[in-house]
Amino acid sequence: MKRFRSGVRFAPVSTPALCLLVLATVVWPRLAAAEEGKALTAETAVTLRSISDLELSPDGNRLAFVVTEPPTDDGRARHIWVYDKRSGEARQFTYSAKSESEPRWSPDGKMLAFLSNREGGEQQIYLLRSSGEAYAITTGKRSVRSFAWSPDGKQIAFLAPDEKTEAEEKKHREKDDARVVDKDDKHARLWLLTLATGDAKALTEPKWDISQLEWQPSGAGLLIIATDHPEADQNTERIFFYRMADNSMTQVLAPRGPFGNVRYSPDGSAFAYVGCREDGPNPHDLMMARTGEKLAHNLTGASLDRQVFAFHWLGSPGPKNESGILLVAEDGFHTKLVEYGANGERKDFPPIAGVNPTMFAVGDGGVYFVGRSAARPEELYFWNEKDAPEQLTRLNDSWKQYALVAPEFYKYKSFDGQEIEAALLKPKNYDGKSRLPLIALIHGGPTGAWEDSLDTWGQLLVARGYAIFYPNIRGSIGYGQKFIESNRGDWGGADYKDVMAGVHDLVERGIADPKRLGIGGWSYGGYMSEWAITQTTEFRAAVSGAGLSNLISEYGTEQHPSYDEWFYGVPYEPEKVTGFLNSSPFVFLKNAKTPTLILQGEADTVDPPGQSQELYRGLKRYGVDAELVLYPRENHGFHERKHQIDRLNRIVAWYDAHMK
């Protein structure tokens with residue numbers, strides 16, 4: 001399964017060929033680096049707000065979006081905001097004590113539907129008119145996962161499992177709740193709600209698990225991503241068309257490997273999705289298929305070769321009854337907007353100085369997008385594609401008081417001559433002459449990347465005098481599909497050598513103190529930290545968050561192991577076991593000497609707690625200074641405020657204790 005990605009966004013993407021034209025940069029003077037200010041602390045580092053799920057109204061005058069609030073002891077609440085183009089103001093739209101998400105305008109723009117768990121804890125669909133209170137239009141002891149308006153606005157299709165039966169509820173109350181794995185799991189079915197009557201009926205059988213739905217513009221049916229083998233540990237999802245006229249379900253495509261985000265063109269003549277060229281390891285290219293055809297065309301693989309994060313069809317059909325597509329792609333540490341016309345011609349937009357676009361919505365005369373950088377938190381912007389973008393929100397203005405450090409982006413040669421891109425944070429008062437304690441932070445993945453986005457680990461540590469090294473080593477996205485595949489079956493091989501080559505480069509340049517080196521990371525970054533301490537004694541301190549110490553037991557206990565299978569196969573076959581073992585840090589723990597802090601969520605299903613426990617037990621056995629910190633209720637990404645603060649404080653204290 002794809003690992004947690006350090007930085008802000010967790011997603012995969014690809015890179016353009018070297019022959020791309022160098023494009024002019026939009027000048028944006030207002031986005032200068034943060035001025036000298038207060039030092040960031042763990043308590044203030046968790047106060048960031050983030051923006052997601054942009055949804056433009058049919059008339060183009062209102063933009064709904066979701067703001068995720070800073071964490072509390074109960075987790076992170078999400079609320080819907082609306083930007084009004086006519087007034088130029090953005091305001092909060094929902095205010096419940098729980099959360100709201102997935103805002104969707106009705107086709108006539110008079111109503112806004114959204115998901116919320118405000119009553120009873122189950123997520124239901126709510127409807128909010130221009131005036132009045134929101135009210136639930138679905139009920140029951142089951143959570144709605146997603147939904148979509150029908151093109152005529154009279155119905156809503158949604159995904160949700162069946163409710164528990166009375167007998168199941170009784171057994172649960174009486175704690176007679178033994179569960180047969182796979183057989184007793186309830187899967188999301190496709191439902192259809194008729195607004196006039198309030199009736200909802202299931203359209204698919206319980207054996208099917210549906211993960212996405214998309215209405216055909218004509219309203220004749222829906223494209224759905226579904227599998228009739230939800231118990232499988234492999235990628236078994238396919239694309240189907242559900243026809244309303246006869247309630248039939250026909251397979252349209254069976255893409256290889258993981259894929260998602262299926263979207264129809266405005267006229268319904270084609271659909272697109274982000275998928276794999278072959279069988280993995282992650283969705284990378286934009287694929288397009290004409291309605292009725294059995295093959296998809298790779299739109300971006302040859303011409304762009306960068307991972308696609310998000311895309312939107314452009315509104316007006318082209319000369320061949322097609323529409324163009326605008327997308328955001330990862331290009332090294334940065335992102336860029338790219339447009340493909342109706343005839344497949346490509347247009348690269350100039351990079352936007354100071355911020356990198358992530359998700360976006362296309363309006364009349366321009367693009368609304370979420371933008372950010374390593375020294376600038378997320379905000380909402382509008383760009384007319386000519387002038388400097390306009391900042392529309394001030395959600396993170398409080399961060400202007402902190403002394404954030406902008407990175408230096410550069411490239412170095414690895415052991416075999418492979419060029420590796422990296423970022424470096426230096427303390428603000430660095431004199432340029434003395435050697436600094438250096439911490440190498442490794443991103444999650446391995447099919448992930450460091451981006452030009454705010455990283456609180458690094459900002460906290462650079463404020464305390466450390467230099468922070470962020471290498472996008474082999475396997476990272478943003479440099480093309482071949483670069484992603486270059487660590488297949490080789491975790492701890494060339495990717496580890498890329499890390500060490502970068503560390504040694506900084507030592508040779510007189511920046512890093514060879515006697516004060518540290519390493520750390522989360523998920524695959526935690527794995528690389530664990531691997532490093534078994535291969536070298538150069539590091540004085542290491543931090544491993546939700547790492548992987550034993551790739552065999554990891555495969556057997558994690559949720560959805562198909563991602564790992566792409567790299568190593570399955571450990572049940574004798575000829576494949578050697579690969580798993582040779583890349584597992586626990587096999588080499590007797591070599592470890594480095595003091596290691598291990599951080600782990602107890603509810604983690606991506607990299608289960610046993611991985612950190614195996615690491616800790618081995619380090620104890622050989623007398624290595626180690627601490628294992630377990631966080632109750634936390635999964636792979638932490639949600640509770642006190643846990644997030646505790647984690648950051650422990651990280652800083654561990655490096656201080658062993659490197660200063």
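This is a predicted model: local features need pLDDT of at least 70, side-chain atom pairs count only at pLDDT 80 or more; totals for chains, interfaces and linings use all residues.

Visitor: How many bridges join strand 1 to strand 2?

Guide: There are 5, and the two strands run antiparallel. Strand 2 covers residues 62–68.

Visitor: Switching to strand 7. How many of its residues are buried?

Guide: 5 of its 6 residues are buried, so strand 7 (residues 124–129) is mostly covered.

Visitor: What does strand 7 pair with?

Guide: Strand 6 (residues 111–116) pairs with strand 7 in the antiparallel sense, over 6 bridges. Serine 116 has glutamine 124 of strand 7 as its bridge partner. Strand 8 (residues 135–136) also pairs antiparallel with strand 7, over 2 bridges. There, leucine 127 has tyrosine 135 of strand 8 as its bridge partner.

Visitor: What sits between strand 7 and strand 8?

Guide: A turn. The two strands form a hairpin with 5 residues between them. Glycine 132 in that turn has a positive phi of about 100°.

Visitor: Now glutamine 644. Where does it lie?

Guide: Glutamine 644 is in helix 11 (residues 641–659).

Visitor: Is glutamine 644 buried or exposed?

Guide: Buried. Its relative accessible area is 11%, and the cut-off for buried is under 20%.

Visitor: What does its side chain reach?

Guide: The side chain of glutamine 644 reaches the backbone oxygen of phenylalanine 638, at 3.1 Å. Leaving out residues up to four places away in sequence, glutamine 644 touches Val46, Pro71, Arg76, Phe638 and His639.

Visitor: One more: isoleucine 420. Why does it count as buried?

Guide: Because its relative accessibility is 0%. Isoleucine 420 is found in strand 30 (residues 419–425).

Visitor: Which residues does isoleucine 420 touch?

Guide: Not counting residues up to four places away in sequence, its contacts include Tyr410, Tyr412, Ile473, Phe483 and Asp498.

Visitor: And how far is isoleucine 420 from tyrosine 479?

Guide: They are 59 residues apart in sequence. In space, their C-alpha atoms are 9.7 Å apart.

Technical notes. Residues are numbered from 1 along each chain as its sequence is written. Side-chain values use heavy atoms; hydrogens and water are left out. Buried means under 20% relative accessible area, exposed over 50%, partly exposed in between (1.4 Å probe, protein chains only). Helices (H or I, at least four residues) and strands (E, at least two) are DSSP runs, numbered from the N terminus. Two strands pair if DSSP finds at least two bridges between them. A polar contact is a pair of N or O atoms within 3.5 Å; within protein, one must be able to donate a hydrogen and the other to accept it, and residues adjacent in sequence count only if both atoms are side-chain atoms. Contact means heavy atoms within 4.5 Å.
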